[in-house]
Amino acid sequence: MLDTGQTAPLTLEVAERVRESRNVVSFRFKVVEGDLAPFTAGQYLPIRLGLPERPISTYTISSDPRDRSGYRISVKLEPEGKGGSRHLHEAAEVGARFLAERAARQVRPGRG
Ligand SMILES: Cc1cc2nc3c(=O)[nH]c(=O)nc-3n(C[C@H](O)[C@H](O)[C@H](O)COP(=O)(O)OP(=O)(O)OC[C@H]3O[C@@H](n4cnc5c(N)ncnc54)[C@H](O)[C@@H]3O)c2cc1C
């Protein structure tokens, strides 16, 4: 769902979705607005979902950093959670748009 009420560095569009297992779906996003800054595998992508209990959900980027067409993430459905994963599983069909923050570095234990 595109939350147009806020500014965000990136607008992403679902280019492909692949069911990996009963409860995991992978999404490939292309960037339709903003710059796809260089990233490394394992960096994470904060996606603005705009849900009351889950305004932002964060996912690890699993695509090849040399692939400059966008980002790939895999999302495990958490049926009892606050709704972030359920929203992506239900609403992120091909063509759906989302706002996202810039990809950030992986949090390393002990480094804050
Ligand atoms: C740096 C980072 C990277 C991440 N990368 C990934 C990734 O690559 N793929 C991925 O799938 N997720 C990833 N996550 C997790 C992701 O951000 C979400 O937390 C996840 O999608 C679940 O979100 P949710 O809102 O559906 O559930 P959440 O509310 O976050 O639920 C999380 C857990 O709490 C349990 N829970 C919540 N509420 C209750 C309750 N009332 N009673 C019992 N149990 C409850 C859920 O069953 C679940 O096990 C990452 C998180 C971080 C911080």
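The legends below describe several close-up views of one predicted protein model.

Residue numbers start from 1 along each chain as its sequence is written. Because the model is predicted, local features are given only where pLDDT is at least 70 and side-chain atom pairs only at pLDDT 80 or more, whereas totals for chains, interfaces and linings use all residues.

**View 1. The elements of the protein in order.** The protein holds 1 helix and 6 strands, and from the N terminus on these elements run β-β-β-β-β-α-β; helices (H or I, at least four residues) and strands (E, at least two) are DSSP runs, numbered from the N terminus. Of its 112 residues, 23% count as buried, a term that applies when 20 or more other C-beta atoms lie within 10 Å of the residue's own, with exposed standing for 12 or fewer and partly exposed for the values in between, C-beta atoms being placed from the backbone. Among contacts with a separation of 6 or more, residues 24 or more positions apart account for 61%, where two residues are in contact if their C-beta atoms, placed from the backbone, lie within 7 Å.

View 2. The 6 strands form an open sheet in the order E4-E3-E6-E1-E2-E5, with antiparallel pairing; two strands pair if DSSP finds at least two bridges between them. Strand E4 (56–60) and E5 stand at the edges with a single partner strand each, so one side of each is left without a neighbour in the sheet. On average, and with direction ignored, neighbouring strands are turned by 40° against each other. Helix H1 (residues 84–91) packs on this sheet, where it touches E2, E4 and E5, and its direction makes about 115° with that of E5; axes are lines fitted to C-alpha atoms, for helices over the stretch in contact, and angles run from 0 to 180 degrees between N-to-C directions.

**View 3. Bridges of E6 and E3.** E6 runs antiparallel to E3, to which 2 bridges join it, and antiparallel to E1, to which 4 bridges join it. Leu-99 in E6 is the bridge partner of Arg-48, and Thr-11 also stands opposite Leu-99. Ala-100, likewise in E6, is the bridge partner of Ile-47. E3 and E4 pair in the antiparallel sense over 5 bridges, and Tyr-44 has Thr-60 in E4 as its bridge partner.

**View 4. The largest nonpolar core.** This core has 18 residues, of which Phe-27, Leu-45, Ile-47, Ile-73 and Ala-100 touch the most other members; a nonpolar core is a set of buried Ala, Val, Leu, Ile, Met, Phe, Trp, Tyr and Cys residues joined through C-beta atoms within 7 Å. At least two residues of the core come from each of strand E1 (10–19), strand E2 (24–33), strand E3 (44–48), strand E5 (70–76) and strand E6 (97–100). When residues up to four places away in sequence are not counted, Ile-47 touches Ile-56, Ser-57, Tyr-59, Phe-98 and Ala-100.

**View 5. Three loop residues.** Glu-53 lies in the loop between E3 and E4 and counts as exposed because it has 9 C-beta neighbours inside 10 Å. Leaving aside neighbours within four places in sequence, Glu-53 is in contact with Lys-82 and Gly-83, and its C-alpha atom is 8.4 Å from that of Gly-84, a residue 31 residues apart from it in sequence. Gly-50 is found in the loop between E3 and E4, where 17 other C-beta atoms within 10 Å make it partly exposed. Gly-42 belongs to the loop between E2 and E3 and, with 11 C-beta neighbours inside 10 Å, counts as exposed; its C-alpha atom is separated by 5.6 Å from that of Thr-60, 18 residues apart along the chain.

**View 6. The shell around the ligand.** Of the 19 residues around the ligand, Thr-60, Gly-81, Lys-82, Gly-84 and Ser-85 come nearest; a residue is near a molecule or strand if its C-beta atom, placed from the backbone, lies within 6 Å of it. E4, E5 and H1 are the elements that give two or more residues to this shell. The shell divides into 5 nonpolar, 8 polar and 6 charged residues, with Ala, Val, Leu, Ile, Met, Phe, Trp, Tyr, Cys and Pro counted as nonpolar, Asp, Glu, Lys and Arg as charged, and the others, Gly among them, as polar.
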